[in-house]
Amino acid sequence: MVGGDGDGPVRLQFMMLGAALALGAGPAVASTLIIPPATAVAMRIVVLHNQARASAGVRPIYWDSTLASAADAYALELARTGRWGHSTSAARPGQGENLWMGTRGAFSIDQMVGAWAAEGRWFRRGRFPAVSVTGRWDQVGHYSQMIWPGSDRVGCAVRSSARTDYLVCRYSPAGNIVGVTVP
């Protein structure tokens, strides 16, 4: 069972029937693994990225706590200042960045990351930036970073102001490189 309301820990309960029976402990022994909310969110973000990557035929991406710390610092800055826009490339050397913002508490992680993945409907394989069926790469840029074949690590953070949630994901190595073919 996986559950959680975003405020408390997520509990994974599983039955260890085989091991219990082998040890003669009776029919079943229940065990609970407690996963902190931040870890559960990180796991979900990786799953959502890897679903998009698998659909594109790209190898999986993995969580990176250093990237997550960098994303958290920038998400905090956005929430604190109310400013909106990407960080400078100099502030994140070698890192790609996806940003999302929306009404505080109105969107789940699935909806936030799902908005980026939904850009895939306008994506076409090609040499970046010619990767959009509409001719506008900015309509698929979040998606192309998600599935970028050279990016193998991601770290993300969500921070909130009084009215707005900000999701920042950092990728390494950076994607959306001009002239590189996207699968």
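Analyst: Helices here are DSSP runs (H or I, at least four residues) and strands are E runs of at least two, numbered from the N terminus. The expected span of a helix is 1.5 Å times one less than its number of residues. Keep in mind that this is a predicted model: local features need pLDDT of at least 70, side-chain atom pairs count only at pLDDT 80 or more, and totals for chains, interfaces and linings use all residues. Residues are numbered from 1 along each chain as its sequence is written, and side-chain values use heavy atoms, with hydrogens and water left out.

User: OK, what span should helix 3 have?

Analyst: Helix 3 covers residues 65-81, so its 17 residues should span 24 Å, and the end C-alpha atoms are 24 Å apart, which agrees.

User: Which of its residues are buried?

Analyst: L67, A68, A71, Y74, A75, L78 and A79. Buried means under 20% relative accessible area, exposed over 50%, partly exposed in between (1.4 Å probe, protein chains only). Looking down the axis, the buried residues of helix 3 fall within an arc of 140° (directions from the axis to the C-beta atoms), so they line one face.

User: And what's on the face turned away?

Analyst: The exposed residues S65, T66 and R80.

User: What follows helix 3?

Analyst: G82, with a positive phi near 75°.
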